[in-house]
Amino acid sequence: MAHAEEIEINVIPPDKAKIKKLWMTALILLIITIFEFGVAFGVPHEYKDLRVWIFITMTIVKAGYIVGEFMHLRHESKVLLWSILIPTLFIIWMLTAFIYEGMAISDVR
Amino acid sequence: MSSTSAATASGRSAWDGGVSPMGASYGKLMMWFFLLSDAFTFSALLITYGLVRSSHGVYTGLVENFTFSPTYWPIPEKVFEAIPFFHGLEAPLVFVGIMTFILIMSSVTMVLAVEAGHRMDRAAVEKWMLWTIVGGAAFLGCQAWEWSHFIHGNGLPDGGANLVHNQYGPPDFADFFFFITGFHGFHVFSGVCFNFLIYYNTVTGVYQRRGHYEMIEKVGLYWHFVDLVWVFVFTFFYLV
């Protein structure tokens, strides 16, 4: 390990604004999660559709922050961004097809 | 595409090699594509959960009068309402909330480690990686407790759940619980192993000698993905 110390390392000082942005992203994620808890206990189960739509929307917003900011995808080149995002259309299709099938099964039962 | 046009501007074709058309290294790109395929696997599990759930009966009575029955799908918050050291206390979803908090926090410490790596700040990378490992281990511990509680149930002879019998509702519910949270937990476990590996390499100065901390970035992508999956599991398994 002795020779490792000979390499000159230039430690760049931290960029306060950048780090603050990361903590802000975390704070947004936490606030959304707390909001979801509020909906889970504040909105009665009778409004099932409303609850489900709020949960799904909030999940997609959280996913956007995680993938965009934490995984840095929003700041990568556009080719990389679309190479990852476009194939997820298959997931949308899978969801549509399976829910359609599920409704058909419950009709038969 | 900017790197491609830059290469052509200097008189070289983009096909001559030496450029990254997507502005990302080979390893990072492959991590992205692996995560995409992993996203398909998790989607398959969660969407199948949706299909099986929607083909089962729905509880129609009042939420206050809810009781477990194999004839309809349980309300998740009635199943997951226990927390360690507070036996008998009804605290719906509180423990899952704590687990979510732990995972989000460990995602932040991971992204701070990546940021420190960009600045070649070895000490900071070590610090944040260690916190990330602690967070991951804490999450696994919580999950072990939750599994144990779910399996043993109320302690009665026919209580608890396994792959064929389920105190809380249809056996399918327990099967999906074990498969979805189990598959996710296994990802967390391998993530903690990878995190430890890169922490070890940072401490021994491997990345400093290499001149960059890209490994932190690649494993970081994986770790954030694990967090991302949990966001979906949390919504579709515990909230909806």
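Colleague: Leaving aside residues up to four places away in sequence, which residues does B:Phe234 touch?

Modeller: Keep in mind that this is a predicted model. In it, B:Phe234 touches B:Val96, B:Thr100 and B:Leu239. B:Phe234 itself sits in helix α8 of chain B.

Colleague: How far apart are B:Phe234 and B:Val96 in sequence and in space?

Modeller: They are 138 residues apart in sequence, yet their C-alpha atoms are 7.8 Å apart.

Colleague: Is B:Phe234 buried or exposed?

Modeller: Count the C-beta neighbours. A residue is buried when 20 or more lie within 10 Å. B:Phe234 has 22 inside that distance, so it counts as buried.

Colleague: What describes two packed helices?

Modeller: You take the angle between their axes and the distance between the axes. Here, α6 (residues 171–203) and α8 (residues 214–239) of chain B pack at about 160°, with axes 10 Å apart. Over 145 degrees counts as roughly antiparallel, so α6(B) and α8(B) fall into that class. Their crossing is left-handed. The residues of this contact divide into 14 nonpolar, six polar and no charged.

Colleague: Which residues of α1(A) are buried?

Modeller: A:Leu29, A:Glu36 and A:Ala40. The buried residues of α1(A) pack against α2 of chain A, and also against α3, α4 and α8 of chain B.

Colleague: What should the 27 residues of α1(A) span?

Modeller: At 1.5 Å a residue, the helix should span 39 Å; the end C-alpha atoms are 38 Å apart, so the two values agree.

Conventions. Residues numbered from 1 in each chain as written. Chains lettered and ligands numbered in written order. Predicted model: local features only at pLDDT ≥ 70, side-chain atom pairs only at ≥ 80, totals over all residues. Axes fitted to C-alpha atoms, helices over the stretch in contact; angles between N-to-C directions. Helix = DSSP H or I, 4+ residues; strand = E, 2+ residues; numbered from the N terminus. Parallel < 35°, antiparallel > 145°, perpendicular 65-115°, else oblique. Left-handed = near helix turned anticlockwise from the far one by under 90°. Nonpolar A, V, L, I, M, F, W, Y, C, P; charged D, E, K, R; others polar. Buried ≥ 20, exposed ≤ 12 C-beta atoms within 10 Å, placed from the backbone. Contact = placed C-beta atoms within 7 Å. Expected span 1.5 Å × (residues − 1).
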